[in-house]
Amino acid sequence: MTKAMRKLADKHALIFWILCVLIFVVGYKFISVGLLGSTPYEYDVAFFKLSLALLAILMMKTLYQGQFCFHFRKDNFLKALILQWPALLFVLANLLSPGSLSENAIVPETLVMVLVANMITGFYEEVIMRGMLLGHMMEHWKNDDRKILKSVLTTSILFGLVHLGNLVQAGLISTLFQVCYATIFGLIFAVAYLRTKNLWACVLIHGLVDVSGEMYTIYYVPGAEIPSFAGVGLLMILLCTVICLIVALFEFRKKKRTEILELWRDDMTCSAA
């Protein structure tokens with residue numbers, strides 16, 4: 001089984017990537033909504049995501065005999081944080097939105113749930129999208145002059161498209177809008193990961209983005225009706241999205257692509273600085 005999966009990953013990478021998305025992302029959506037959504041425990045889905053992320057790490061380490069590197073390291077952590085500053089603008093806008101500012105008492109249980117669940121989501125999505133898929137694409141296309149462009153666009157578009165699963169919880173327009181800005185946010189996460197080889201910073205910022213988007217819930221008991229003023233306004237989301245796109249295009253200019261190629265000489269190993 002391991003040999004067959006390794007051959008698939010090396011020789012038929014497109015099929016391998018599709019299977020990974022189906023298993024680790026689409027599969028999660030079906031199980032979380034169809035099975036875990038019916039349980040009385042708020043943390044079931046979060047820890048299921050954590051299990052899938054750890055399974056993805058184990059799978060890639062097994063397939064490549066410990067040589068596949070997710071780049072969980074401390075080097076360049078601050079640089080990676082700075083490169084994601086447009087996402088931090090989104091976090092700030094969320095925290096300053098009317099829904100996140102309330103005179104009501106914070107519900108401790110809900111606050112803990114929001115922090116834990118969304119930080120785990122950041123870890124899960126970055127492990128799958130940047131750590132596993134983007135890293136593998138950079139290796140698979142290592143002899144292609146366009147490997148950075150192809151790898152970044154593919155993973156960012158996939159990252160956006162998997163949000164189509166939110167159709168079961170949100171309307172069509174809202175979901176399509178989320179797909180669009182998630183795709184562009186994926187570019188920013190890719191910038192930070194490729195220019196620093198530091199996945200922890202991407203996990204942290206991704207988690208903070210998700211946490212800030214649900215801060216309005218910390219004033220309300222779980223199960224209570226959520227007010228309609230949740231989240232930042234459409235204009236603020238659009239502004240942050242445009243800024244993300246401009247910054248991503250600037251960070252992927254020719255000079256920076258050359259730096260990325262130098263950093264990723266030994267794509268799948270942890271030996272490169």
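A salt bridge here is a side-chain nitrogen of Lys or Arg within 4 Å of a carboxyl oxygen of Asp or Glu. Side chains of opposite charge can pair when their charged atoms come close. The model looked at here is a predicted one, where local features need pLDDT of at least 70 and side-chain atom pairs count only at pLDDT 80 or more, while totals for chains, interfaces and linings use all residues. Residues are numbered from 1 along each chain as its sequence is written, and side-chain values use heavy atoms, with hydrogens and water left out.

How confident is the predictor? On the pLDDT scale (the predictor's confidence in each residue, from 0 to 100), the protein chain averages 86, and 86% of the residues score at least 70. Where pLDDT is low, the predicted coordinates should not be read in detail.

By the salt-bridge rule, the count comes to 10. In one of them, Glu-251 meets Arg-195, with N and O 2.2 Å apart. Glu-251 sits in helix H10 (residues 234–251) and Arg-195 in helix H8, so this pair ties together parts 56 residues apart in sequence. Helices are DSSP runs of H or I with at least four residues, numbered from the N terminus. For burial, the cut-offs on relative accessible area are under 20% for buried, over 50% for exposed, and in between for partly exposed (1.4 Å probe, protein chains only).

Asp-144 pairs with Lys-150 at 2.8 Å between the closest N and O atoms, and also with Arg-146 at 3.8 Å, N to O. Asp-144 is partly exposed at 21%, as is Lys-150 at 24%, whereas Arg-146 counts as exposed at 53%.

Arg-73 belongs to the loop between helix H3 (44–63) and helix H4 (77–83). With a relative accessible area of 16%, Arg-73 is buried, and a polar atom of its side chain lies 2.9 Å from the backbone oxygen of Thr-196.

Then there is a nonpolar surface patch of about 820 Å², whose members include Leu-149, Leu-161 and Ile-173. Patch residues have over 30% relative accessible area and no salt bridge, and nonpolar side chains (Val, Leu, Ile, Met, Phe, Trp, Tyr) are joined within 5 Å, like charges within 9 Å. Helix H7 (147–161) and helix H8 (172–196) are the elements giving two or more residues, and H7 supplies the largest share, four residues. Leu-161, part of H7, is partly exposed at 42%.

Definitions and conventions. Areas by Shrake-Rupley, 256 points an atom, 1.4 Å probe, with all protein chains shown as cover. Polar contact = N/O pair within 3.5 Å; in protein donor to acceptor, adjacent residues only side chain to side chain.
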